[in-house]
Amino acid sequence: MDYSQYFSAALGRLHDERRYRVFADLERIAGRFPHATWHSPSGPRNVVIWCSNDYLGMGQHPKVVGAMVETATRVGTGAGGTRNIAGTHHPLVQLEAELADLHGKEAALLFTSGYVSNQTGIATLAKLIPDCLILSDALNHNSMIEGVRQSGCERQIWRHNDLAHLEQLLIAAGPNRPKLIACESLYSMDGDVAPLAAICDLAERYNAMTYVDEVHAVGMYGPRGGGIAERDGVMHRIDILEGTLAKAFGCLGGYIAAKGEIIDAVRSYAPGFIFTTALPPPICSAATAAIKHLKSSSWERERHQDRAARVKAILNAAGLPVMDNDTHIVPLFVGDPEKCKQASDLLLEEHGIYIQPINYPTVAKGTERLRITPSPYHDDGLIDRLAEALLQVWERLGLALHKKAMAAE
């Protein structure tokens, strides 16, 4: 039997649906971000990255790089095993304490990625609550969806940010059934924000727990970078906060923060925690340095918001179809998977601008877009060149230069 035919057919379907993903070979250079070297088929070329989730450029910050190098030199590179065998090293313990402090919680638990922290965290929490009903926002990330699925619990999907629909489901569940409300604080594809205070009101009124994914907000919002929950003054009202170290903090890893007994229960029962190697000491030290810096420094956040606002203003003034929101995410509507990929290719090959296309299943079919994420280091000249390049690409592909294009959404 030729098993390879199954894989070839699966890849063929992706090509036919214009969903096959191609990754550019990029080499970032510390101290020059957002500039990078693209190892193109014709040789190395300088490009500007406009879609990185290293939102604040902390991946190149001297304190963060210095902490990583110092720890690697002092204690070595690997963790030595799972946390249960030899992987609970001191830099990891320090990092968990720093995360608990960031979110005003009793404890935090570190995972190898934000995906794993959602997938195994939600599944484990819900399994430990008999007859738990999970109420999940319709636009929750795939990692949350997988966590809900793997819990084996009954789940109900509430319309995105629709408080009336959420309340209907809470009422129908009854006051005595255990309920877990799962949502994100900032949705990274549209850039919109959950009404966390109102969600907490409903959770308290109908006796539900709350689980909030803050991966696109930690480090970015709030006086100490605690996220949207800190900014909105509701952090103490949320039962479980989940975040990542791989975006605003410029490193790697995911975590949850909550009351001590919740964290201890997940630590004791979660397969995705128990059976995987711990994050290495240098990564943990680097993340701790990033968190400490952003707790006290507001320059990065303020500059970042200024840059995002300028990008939106320049692109809107040019008539480009920016999808409106109040956060740092700048989605540019395309609405066609093939043209979205073509726009990305033209920007890279002809203008030295790297923006990955966002197509289905990351977003719904017909809402394909370019997702632009400015950093504090994108200066006015880079922003102006971005707008000029986008206008040229839009004209070449025959894309609409007004917001009416978004009516298709």
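Trainee: In what order do the seven strands of the open sheet come?
Mentor: The order is β4-β10-β9-β8-β7-β5-β6, and the pairing is mixed. Keep in mind that this is a predicted model.

Trainee: Which strands stand at the edges?
Mentor: Those are β4 (107-111) and β6 (154-158). Each has a single partner strand, so one side of each is left without a neighbour in the sheet.

Trainee: And what does the twist average?
Mentor: From one strand to the next, the average is 20°.

Trainee: How many bridges join β4 to β10?
Mentor: Five, and the two strands run antiparallel, with β10 covering residues 254-258.

Trainee: Nice. Which strands does helix α5 touch?
Mentor: Helix α5, residues 142-151, packs on the sheet and touches β5 (133-137), β6, β7 (179-184) and β8 (209-213). The direction of α5 makes about 160° with that of β7.

Trainee: What about α6, which strands does that one touch?
Mentor: Helix α6 (residues 163-173) also packs on the sheet, where its contacts are with β5, β6 and β7. Its direction and that of β6 make an angle of about 150°.

Trainee: Staying with α6, at what angle does it cross α7?
Mentor: Roughly 15°, and the axes of α6 and α7 (residues 196-205) come within 11 Å. Angles under 35 degrees count as roughly parallel, so α6 is roughly parallel to α7. Their crossing is right-handed.

Trainee: Which residues make that contact?
Mentor: On α6 they are L163, L166, E167 and L170, and on α7 they are A198, I199, L202 and R205. Sorted by class, the contact of α6 with α7 has six nonpolar residues, no polar ones and two charged ones.

Trainee: Let's jump to another helix pair. How do α13 and α14 pack?
Mentor: Helix α13 (residues 337-351) and helix α14 (residues 380-397) pack at an angle of about 130°, and their axes are 10 Å apart. The two are therefore oblique to each other. The crossing of α13 and α14 is right-handed.

Trainee: And which residues are in contact there?
Mentor: From α13 you have K339, Q342, A343, L346, L347, E350 and H351. From α14 come A389, L390, Q392, V393, R396 and L397. By class, the contact of α13 with α14 has seven nonpolar, three polar and three charged residues.

Trainee: Changing topic: how many salt bridges are there?
Mentor: The count is 24, taking a Lys or Arg side-chain nitrogen within 4 Å of an Asp or Glu carboxyl oxygen.

Trainee: Where in the chain do D101 and K295 sit?
Mentor: D101 is in helix α3 (residues 90-102) and K295 is in helix α11 (residues 281-296). They are 194 residues apart, so this pair links distant parts of the chain.

Trainee: Last one: what is the order in the open sheet of four strands?
Mentor: The order there is β1-β2-β3-β12, with mixed pairing. β1 (26-28) and β12 (353-354) are the edge strands, and each pairs on one side only.

Trainee: How many bridges join β2 to β3?
Mentor: Six, between β2 (residues 35-40) and β3 (residues 43-49), and these strands run antiparallel. Look for H39, which stands opposite P44 in β3.

Notes:
Residues are numbered from 1 along each chain as its sequence is written. This is a predicted model: local features need pLDDT of at least 70, side-chain atom pairs count only at pLDDT 80 or more; totals for chains, interfaces and linings use all residues. Side-chain values use heavy atoms; hydrogens and water are left out. Two strands pair if DSSP finds at least two bridges between them. Axes are lines fitted to C-alpha atoms, for helices over the stretch in contact, and angles run from 0 to 180 degrees between N-to-C directions. Contact means heavy atoms within 4.5 Å. Angles under 35 degrees count as roughly parallel, over 145 as roughly antiparallel, 65 to 115 as roughly perpendicular and the rest as oblique. A crossing is left-handed if the near helix is turned anticlockwise from the far one by less than a right angle, and right-handed if clockwise. Ala, Val, Leu, Ile, Met, Phe, Trp, Tyr, Cys and Pro count as nonpolar, Asp, Glu, Lys and Arg as charged, and the others, Gly among them, as polar.
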